[in-house]
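Here's a quick walk through one model. Take a look at it first, then read on.

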Amino acid sequence: MDYVSALVPPVVMAIFFIGVVRVIVKTQGGGAKAKEDAAVDAALARAEGTRKASAGTDA
């Protein structure tokens, strides 16, 4: 019976890990992809604008 108690935690973790990977794969793309891409592009544009503005005031 010791072997069962030794195998349960790794099996549970493996099942959980497979579930997490499946959720990640399923959420890639789809209907929300354009919205997510737009949010990333906006964040990058803000960061680039901030970087250029701070570089312009230091020089």
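## The bend in H1

H1 bends by about 30° at Val-8, with a proline, Pro-9, following within four residues. The bend at a residue is the angle between axes fitted to the seven residues ending there and the seven starting there.

This is a predicted model, where local features need pLDDT of at least 70, side-chain atom pairs count only at pLDDT 80 or more, and totals for chains, interfaces and linings use all residues. Residues are numbered from 1 along each chain as its sequence is written, and side-chain values use heavy atoms, leaving out hydrogens and water.

## Span and what follows

H1 has 26 residues and runs 39 Å from first C-alpha to last, close to the 38 Å expected at 1.5 Å a residue (that is, 1.5 Å times one less than the number of residues). After H1 comes Gly-29, with a positive phi near 80°.

## Ser-5

Ser-5 sits in helix H1, residues 2-27 (helices are DSSP runs of H or I, at least four residues, numbered from the N terminus). Its side chain reaches the backbone oxygen of Asp-2 at 2.9 Å. Ser-5 is partly exposed because its relative accessible area is 49%, and partly exposed lies between buried (under 20%) and exposed (over 50%), using a 1.4 Å probe and protein chains only.

## Met-1

Met-1 belongs to the segment before H1. Met-1 counts as exposed because its relative accessible area is 75%.

Technical notes:
Helix = DSSP H or I, 4+ residues; strand = E, 2+ residues; numbered from the N terminus. Polar contact = N/O pair within 3.5 Å; in protein donor to acceptor, adjacent residues only side chain to side chain.
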